[in-house]
Amino acid sequence: MILLLEAAAADAPDRTAVVTPERAPTYGALLDDARRIAASLQRRGITRFAVAEPDAAWVMGLLAGAALAGAEPCQFQPDTPAAELATQAAALGHTVVVTRRQDLHDLVRDGGHDSGQLEALRPEDLADDAAATAASAAAAQSDSPGETGAQPLMIRTTGTTGLPKAARHDWRVLTQTVAGIRPAPTQRWLLAYGLHQFAGIQILLHVVASQATLVAPFPRQPKDGLEAMIRDGVTCVSATPTYWRFLLTEARSRRAELPPLEQITLGGEASPADLLDDLRTTFPGARISQVYASTELGSITSVRDGRPGIAVADLFSEENPTANVRVTDGELWVRPAAGMLGYAGQPNEATAPGEWRPTGDLVEIVDGRVLFRGRTSEVINVGGVKVHPLPVEERIAALDSVAAARVFGRPSKLTGFIVAAEIVPAPDAGADHEQIRTDVNGAVSDLPRAWQPRHLSFVEAIETKGGKTVRGTAR
Amino acid sequence: MPADQDKVRALIGDFLVRANKGADGWTDQSPLWGDGLGLDSLEAAELSAMLEDEFGTDPFSAGDEFPETVSDILAFYAAVKTE
């Protein structure tokens, strides 16, 4: 990370690195921040710390500074309630939290938390540390590269299927995935993920490696992303399919004129065919990629043909021995090249190079494509029939009268579970609930009866976590 | 709030229309299963969910035995009413 930043600052010191609602530092300024933060961390003896900060420019400085100092940062969702965040940070053994949130500073000062010893610092405390400035200047004069030893990074999982865990990574491993990227100075990437998410870190690495500009709104709901796209001249967007669906709905309801994107990336969830078609029609000049990655396994593969799923020809086989994806018993298995070192508090995972790992993603091979059917934890057991929610959800979400849908299991004394669906009506379709019910019945009529939703509810928004639709939660 | 018997009947009627079993041809004495309304487990689960959403509880989930007729459902809510 720090080497990428140093390279960008050397090649293009005056180029804007990141645009946030508060500031837009150049690569040169960001490197200065990182060096001062690194020197301050070392002077204070801080080797690991929690971060609760919404401004991506500050976060980038903190991450790069930590990498330079060999300290381990761990970001938390910036709007986590103060007491909860303090408790979670303490559970991971943190004694320092870097944040500008006054409520967190007040909580720590007053001792009103169940978190043991916790010190709160502001990022400015580190960046403007006078005693560290001299050391920073000396480092800037050094010819030696900024990184020498381990560069740890802790990333908490989104926990869409359970409680969040924290995965330990090393920047030196993560940056392997961007090793071949060439500078693309005109690209302006929207940050639709948080930098506390693995996908956000992937975008960050890509942007810095390509010496491009990150556009990072906060809040970053789809409507905020849409505004940033239009206002800040975004050319590339990476987001979850759920985020894309809401962004397009928002744009249409506002009659917004969308910029002509050159790159669209989808990840975190399966990309339905109708959404891919919609994106292709809306942004005819854009390359469309789907990435397969996870916080634990790292970046695994990407699909660039614009079709749903993965081509069977790209699976591991005798003819394709270097592929790192295969299907075993209906589940996707991968062999990670840039995965985590292990979970927090646990020893490094003894993953031998090339060792295959199950992903928990259920797949089915249809017409030469490996199509995602949901998570093993999302399967709905309806009277002994295993129902995968994704195919049901995709049929419903593809309807003109529906803006978004979430399919999940609802407990039933008669059948264990029934398939239930939450539906956000399309704002401009003009369909009433009864018409949508009729549409849904028609859309799922080819599915087995146990797969057909037995309960529909109409909502204003679908529950998401980390930009992904939350499924498998029976309510 | 206790469940109004006519509201229960209206909801059952709505369910039967949605389930393509017709709006007419049933009475309080109609059996839910077999030659009566002919519900299968999925349809009964759907009716159970509709009743629970509307009235907060339902006779399929609350009791030890499933109701056998429309009257049993009405009796369940009548009992709720008198508790």
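**Sheet, crossing helices and a chain contact**

Helix α13 (residues 389–397) of chain A lies across β22 and β23 of chain A and runs at about 145 degrees to β22(A). The model is predicted: local features need pLDDT of at least 70, side-chain atom pairs count only at pLDDT 80 or more, and totals for chains, interfaces and linings use all residues. Residues are numbered from 1 along each chain as its sequence is written, while chains are lettered from A and ligands numbered from 1 in the order in which they are written. Helices (H or I, at least four residues) and strands (E, at least two) are DSSP runs, numbered from the N terminus. Axes are lines fitted to C-alpha atoms, for helices over the stretch in contact, and angles run from 0 to 180 degrees between N-to-C directions.

Now the sheet itself. In chain A, 3 strands form an open sheet in the order β22-β23-β24, with mixed pairing. β22 (402–412) and β24 (455–458) of chain A stand at the edges, each with a single partner strand, so one side of each has no neighbour in the sheet. Neighbouring strands are turned by 25 degrees against each other on average, direction ignored. Strands pair if DSSP finds at least two bridges between them. Strand β23 (residues 416–425) of chain A pairs with β24(A) in the parallel sense over 4 bridges. A421(A) stands opposite L456(A) in β24(A).

Chain B also meets this sheet. α2(B) lies across β22, β23 and β24 of chain A, running at about 105 degrees to β22(A). The contact between the chains takes 9 residues from chain B and 11 residues from chain A. Residues are in contact if their C-beta atoms, placed from the backbone, lie within 7 Å. On the chain B side, α2 (41–55) and α3 (59–62) of chain B each give two or more residues. The largest share, 7 residues, comes from α2(B). This side divides into 5 nonpolar, 3 polar and 1 charged. Ala, Val, Leu, Ile, Met, Phe, Trp, Tyr, Cys and Pro count as nonpolar, Asp, Glu, Lys and Arg as charged, and the others, Gly among them, as polar.

Last, a helix pair in chain A. Helix α2 (residues 27–44) of chain A and helix α3 (residues 56–69) of chain A pack at about 55 degrees, with their axes 7 Å apart. That makes α2(A) oblique to α3(A) (under 35 degrees is roughly parallel, over 145 roughly antiparallel, 65 to 115 roughly perpendicular, the rest oblique). The crossing of α2(A) and α3(A) is right-handed, meaning that the near helix is turned clockwise from the far one by less than a right angle. Contact residues include L30(A) and I37(A) of α2(A) and M60(A) and L68(A) of α3(A).

Key:
Two residues are in contact if their C-beta atoms, placed from the backbone, lie within 7 Å.
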